[in-house]
Structure formats: C-alpha cells, structure tokens
Amino acid sequence: MGDERQHYYGKHGTPQKYDPTFKGPIYNRGCTDIICCVFLLVAIVGYVAVGIIAWTHGDPRKVIYPTDSRGEFCGQKGTHNAKKPYLFYFNIVKCASPLVLLEFQCPTPQICVEKCPSRYLTYLNAHRSQDFEYYKQFCVPGLQNTKGVAEVLRDGDCPAVLIPSKPLAQRCFPAIHAHKGTLMVGNETTYEDGQGSRKNITELVEGAKKANGVLEARQLAMRIFEDYTVSWYWIIIGLVIAMVMSLLFIVLLRFLAGIMVWVMIIMLIVVLGYGIFHCYMEYARLRGEAGSDISLADLGFQTDLRVYLHLRQTWMAFMIILSILELIIILLLIFLRKRIVIAIALIKEASRAVGYVMCSILYPLVTFFLLCLCIAYWASTAVFLSTSNEAVYKIFSDVACPVAGQTCNPETFPSSNESRLCPGAHCQFAFYGGESSYHQALLGLQIFNVFMFFWLANFVLALGQVTLAGAFASYYWALNKPGDLPAFPLFSAFGRALRYHTGSLAFGALILAIVQIIRVILEYLDQRLKAAENKFAKFLMTCLKCCFWCLEKFIRFLNRNAYIMIAIYGTSFCTSAKNAFFLLMRNIIRVAVLDKVTDFLFLLGKLLIVGSVGILAFFFFTHRIRIVQDTAPPLNYYWVPILTVIVGSYLIAHGFFSVYGMCVDTLFLCFLEDLERNDGSAERPYFMSPSLKRLLNKTNKKAES
C-alpha cells in the first residue's frame with residue numbers, strides 16, 4: 001500500500017510539506033516572470049504606436065458618411081456636398097451584383113443629393129420639359145441640356161429613371177410597399193429603361209431588396225429607441241431587482257445549499273424513474289399493434305421522427321438508456337456521497353467568505369470598466385486602420401471591356417485611351433487602398449490589433465482572478481475567523497498582483513491569446529473554404545477547430561488554478577501551474593464532484609434569477625400587474641424592455657456568481673493544501689472551518705499547558 005501511494009505521488013508530484021512560517025498568502029515575495037512583464041510593456045508601447053499611426057492616417061468619416069463615385073463625402077461640413085447628405089444610386093439593381101462583394105462598391109454611378117427622389121419620372125419624359133430642373137439634381141454636377149437622350153444615358157450623366165425613395169443610413173433606397181398582394185414602388189408597377197421599352201418593376205424591387213436588406217430597419221430602430229426613452233426607468237428598476245436577488249441567493253446558499261442540492265438530486269432521480277415507467281407503459285401498449293414489431297434497422301432512416309414512436313423497439317431503447325442513467329446516478333450517490341457533502345460544505349463556506357469580504361461583490365465593476373477600455377481602444381484603432389487607405393478609382397463597364405477593373409484617374413479618364421477603348425465605361429471610386437509599405441502592412445497591423453486585444457483582455461481577467469483569490473485565501477488561512485482576517489484583503493491582494501506578478505499574469509494571458517488568435521485564423525480559413533468541395537480539407541479544419549477549442553478550455557482551467565497558487569505563494573506562472581495541476585490530480589474525484597455541484601448550483605441560481613425577473617417584467621410591461629399607482633408606459637414593442645431586463649439580469653447574475661465561483665475554487669485549493677500540510681496537532685492545526693472538520697472527523701488538538 002505504501003509503494004502504491006509513493007508511486008501515485010511520483011506521477012502527480014509530491015504533497016505539500018508542513019511549513020511553520022506559512023500563515024496564508026505570503027507577503028514577503030519577489031517579482032515573478034520579469035521577462036514577460038517587459039514583453040508586455042514593450043507590446044503596449046507598440047500598441048500605442050500603432051494607434052497613433054492609425055489615428056494619423058485614418059479618417060473615420062469614411063465609415064460615418066457615404067461616398068460618391070468621386071470618393072467625396074456626402075453631408076460633410078466644409079465641402080460642396082455639405083447640404084447633400086444622401087447618396088443616390090443611378091441604377092440600384094446593379095448593387096445586387098456579385099461584383100459588389102468583390103469591390104465593395106456598386107458598379108453604377110453614385111452622387112450626393114440634397115433629398116431622395118419623391119416621385120416617379122423617366123429621363124425620356126423629363127428631357128426638354130419643365131421637369132428637367134427637378135431631374136437635373138439627380139444627374140452629375142454641371143450637366144447641361146444640350147446632349148441627346150442616348151448620349152446622356154451612354155455617358156452615365158443621368159439615371160434612366162427616378163423612383164420614389166426613402167433614406168436609410170444616408171442612402172436612397174426604393175420606397176417598397178405592398179398593394180393588394182403586389183410589391184410596388186410608389187404607385188407604379190413598371191418603369192421605362194430610357195431606351196423606349198418598359199420593364200416590370202419586380203426586377204427593380206428584387207434588386208433593391210437585395211441591396212438594402214430590410215427597408216423597415218430604420219423605422220424599427222426608431223420605434224425601439226422610443227421604447228427605451230419611455231421605459232428606461234423601469235428597466236433600471238428591473239436590473240436593481242436582479243442585483244438584489246443575486247445577492248440574496250448567495251446569502252441563502254450559506255443556509256440552503258445542502259437542501260437545494262439534495263432536493264434537485266432527488267427530483268432528478270424521480271424524473272428518470274417516471275421516464276422509465278412511461279417507456280415501459282408505451283412498450284406494453286404497443287404489444288399486438290400492427291407494425292409495432294418492426295426493427296429500427298429494417299425501418300431505416302425516416303425524416304418524420306414521429307414514425308419511430310410507433311415502434312416497441314424505440315421505447316425499449318429509451319427505457320434501457322434511462323435505466324442505465326438512473327443506475328449510474330444512484331451508484332455515484334452511494335460511493336461519492338461523502339464528497340458531495342464536502343462540496344456542499346465548501347459552498348457554504350464560500351458564502352461566509354463573501355460575507356466577510358463584501359467589497360469583492362463590487363470588483364466585477366472594475367473588471368468591466370477595464371474591459372470596456374480595451375474594447376474601446378481596439379475598436380477605435382480597427383476603425384482608423386480600416387479607413388487609413390487612399391481613394392482608389394477603377395474602370396466600371398456594363399458590357400464586356402478589356403480594361404474593366406483597372407485603376408484610373410477620374411480627371412484624365414475622359415480623354416484617355418481606356419475611355420476610347422470602352423466608350424460606355426466609367427472611372428469611379430471603388431474602395432480605399434494603397435500601394436505604399438504602410439498600406440501593405442495594414443493586414444498585419446489589424447492582426448496585431450486583434451492579438452493585443454486578446455492579450456490585454458485576458459490580462460484584465462487574470463488580474464481580477466488573482467485579486468479575488470488573494471482576498472479569499474486570506475480568509476481561509478485566518479486561524480480565528482474573522483478575527484485574524486487582515487484589513488482590506490481585497491486591496492492588499494490587488495496591490496500584490498500588480499506589484500509582483502504582472503509578468504506572471506502576462507505570461508498566462510499570452511498563452512491564452514495565442515490560442516485565441518489561432519482560433520480566429522482557423523475561423524477565417526473555414527469561411528474561405530466553405531465554397532470549396534474538398535471534403536478532406538473541411539474535415540481537417542473541423543478537427544483543428546475542435547482541438548483548439550478544447551485546448552483553450554483546458555488552458556483557461558489551468559490558468560485559473562495557477563493564478564490561485566500565485567496569489568497564495570507568489571511563485572512564477574509555470575511553477576504555480578505545475579503545483580496546481582498536480583494538487584488537483586491528487587484529488588481528481590473531489591475536483592470533479594465539486595466542479596459539477598457548483599456548476600449545477602450556479603445554473604440553478606441564474607435560471608431562478610433571470611426567470612423570476614423576466615416573468616415579473618413580462619407581467620408588468622404587458623399591463624397584467626401594476627406597481628402601486630404606476631403602470632407600464634405605452635410601448636411599440638413590449639419585448640424590447642423585457643429582453644433588455646432579461647439580458648441585463650443574466651449579466652448581473654453572472655458577475656455575482658463569477659466572484660462566488662472564484663471564491664469556491666480558491667477555498668477548495670486551500671482546503672486541499674490544508675489537508676496535506678497539517679495534521680490537527682497543536683503545532684500543525686487545521687485552518688478549515690469547524691463544519692469541514694466535523695465532516696472529515698478532523699480536530700485540532702489543544703497545546704498542553
């Protein structure tokens with residue numbers, strides 16, 4: 001037996017030995033992983049430099065304002081388009097062309113206009129008539145009524161037809177509506193193409209639908225905004241209720257954790273038992289019915305799954321599966337009941353720890369604020385990088401043209417050889433790009449921007465985990481709780497983490513960021529391979545994505561426990577990760593039980609909080625209940641505040657339970673260390689709570705006088 005124990009510890013490290021000087025988180029510690037700290041500082045300096053370069057070359061107006069065929073902004077103050085905020089497409093049907101996906105620009109002339117067309121009119125009818133002045137504002141600037149109709153349409157100086165349009169995202173899109181089951185634009189069902197023939201408006205409608213998506217999006221957004229303006233007060237009240245319920249649930253876990261766990265386990269056994277009984281009754285009912293004895297193999301695959309419910313073999317399979325699950329759960333309860341009781345005791349102890357370190361409940365707000373800074377810097381840098389290109393003009397043609405797609409100069413194009421080679425071609429703005437070394441490095445800078453976002457975001461999360469772990473470890477290793485608990489344990493842990501372990505946190509965050517950026521690249525490659533027919537490549541890509549997903553989950557688990565060891569002992573990241581991993585492997589069954597029990601309780605708590613607040617919001621905003629004399633405001637869509645309250649409640653509950661989960665994990669590792677370090681003697685007393693000592697039949701012997 002002794003040889004087996006020695007062999008086991010040889011595989012999973014050696015247990016911690018008694019250290020008379022150890023009284024919890026070590027205060028006299030040194031800096032760890034200094035090289036990684038230097039790398040992080042250098043990377044941050046480089047990140048700031050990339051941001052400065054991007055802000056110098058970038059122009060966010062390219063995102064805010066639409067751009068006409070000459071690359072000029074619509075509605076931009078200080079330009080000749082200042083009073084022309086809307087972009088008008090000569091032929092919006094061409095915006096549905098696959099070329100748009102390649103060039104990011106519709107292959108049709110585009111101009112800035114003061115307002116979108118409000119009536120149906122063709123150039124053929126407007127030419128040489130009093131409507132020409134109205135029509136002229138939708139033609140290229142400076143057009144004179146001296147050309148013939150064919151010349152104007154050939155040169156792309158004017159659109160062939162104007163149709164009633166509405167602005168959406170500062171762009172003019174056809175005002176599509178239904179009339180007696182027929183899609184119409186304005187009051188017309190046909191339009192004239194400018195060459196004497198009339199075409200069905202359905203073609204224009206379908207092209208417009210593809211170009212602008214859902215044209216009611218603007219109206220929907222306005223109604224949603226109106227709902228927020230009249231219901232924000234009640235939404236905040238709902239979120240406050242969710243916060244109070246989350247705090248109350250954590251307090252109740254201190255007293256009701258055991259009852260809640262055992263009641264749910266018994267309910268699960270009862271539900272599985274009823275499922276077995278129901279399957280048997282259905283199996284017996286089908287005895288003797290025609291066709292019920294056909295086997296599943298003979299029936300084969302059927303798209304209508306209800307067919308299988310008429311087979312006795314189906315219910316027999318269900319009954320066998322449920323019976324196996326029932327047996328497994330009962331056996332687990334028989335052999336692991338002691339460990340389940342320990343897990344419940346640790347959860348109760350975590351409630352006490354959170355109660356003594358109440359400021360830890362508010363720490364997720366610090367993490368949230370820092371993450372918001374990371375997201376804001378990443379998003380702004382990405383926008384400036386993506387808009388730091390120069391305007392590139394290309395040749396567009398409706399017919400076959402040997403020079404189509406080549407770059408051009410809009411000022412010299414009319415007199416160029418390309419214009420004479422393709423008379424119907426246009427030189428118009430295509431996209432923003434460039435051929436300088438900076439423009440060629442933009443893709444790499446964007447990848448660096450994403451990588452730094454992952455690194456800094458993971459660093460912020462790691463800082464929060466080390467801070468909380470240090471505070472809760474101070475609680476566990478206080479022999480006389482809470483008398484020996486140090487003053488301001490959360491602030492002390494935060495200071496230690498930043499002062500001594502910035503490098504270790506950067507190391508763990510770097511490993512996770514590398515895996516995450518690889519996953520992003522795999523997702524990008526997977527999107528590019530979707531159109532391919534290579535099944536082996538798709539299979540390989542799926543396997544790689546699955547492997548890196550599992551690797552990320554494992555690294556997150558390992559990092560979390562390594563940060564706890566860093567908070568307690570002040571060791572480097574690799575040493576802490578190794579010690580935490582071996583400590584968990586020496587207690588693998590306890591780890592599995594505690595993990596599942598806590599996951600179950602947190603899921604139950606989140607469902608209870610989100611469900612309760614969501615139901616209350618539903619009854620209130622649908623005017624089914626009233627609070628005192630106030631009632632819900634009139635809304636366009638009552639689901640807007642309800643969904644907001646539900647999502648907000650989940651985020652609040654998740655923030656509270658993330659603190660609680662870190663507390664449970666920290667106390668669990670301290671508990672395992674306590675069992676290995678101490679034996680309950682006067683010289684080596686246990687630091688665990690009296691309830692845990694009673695469960696394990698452990699006692700602290702008093703010193704002999």
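Contact here just means heavy atoms within 4.5 Å. The model is a predicted one, where local features need pLDDT of at least 70 and side-chain atom pairs count only at pLDDT 80 or more, while totals for chains, interfaces and linings use all residues. Residues are numbered from 1 along each chain as its sequence is written, and side-chain values use heavy atoms, with hydrogens and water left out.

On that basis, C36, C37 and L40 of α2 touch T502, G503, A506 and F507 of α17. By class, the contact has five nonpolar residues, two polar and no charged (Ala, Val, Leu, Ile, Met, Phe, Trp, Tyr, Cys and Pro count as nonpolar, Asp, Glu, Lys and Arg as charged, and the others, Gly among them, as polar). Helices are DSSP runs of H or I with at least four residues, numbered from the N terminus. Helix α2 spans residues 34–57 and α17 residues 502–529; their axes sit 7 Å apart at an angle of about 75 degrees, with each axis a line fitted to C-alpha atoms over the stretch in contact and angles running from 0 to 180 degrees between N-to-C directions. The pair is therefore roughly perpendicular, a label for angles of 65 to 115 degrees.

Eleven residues line the largest cavity, with W234, G238, L616, A617 and F620 closest to its centre. Helices α9 (217–285) and α20 (588–621) each supply at least two lining residues, and α20 gives the most, with five. The lining has ten nonpolar residues, one polar and no charged.

Definitions and conventions. Parallel < 35°, antiparallel > 145°, perpendicular 65-115°, else oblique. 1 Å grid on protein atoms, 1.4 Å probe; cavity = no way out; pocket = protein on both sides within 12 Å on 5 of 7 lines; lining within 4 Å.
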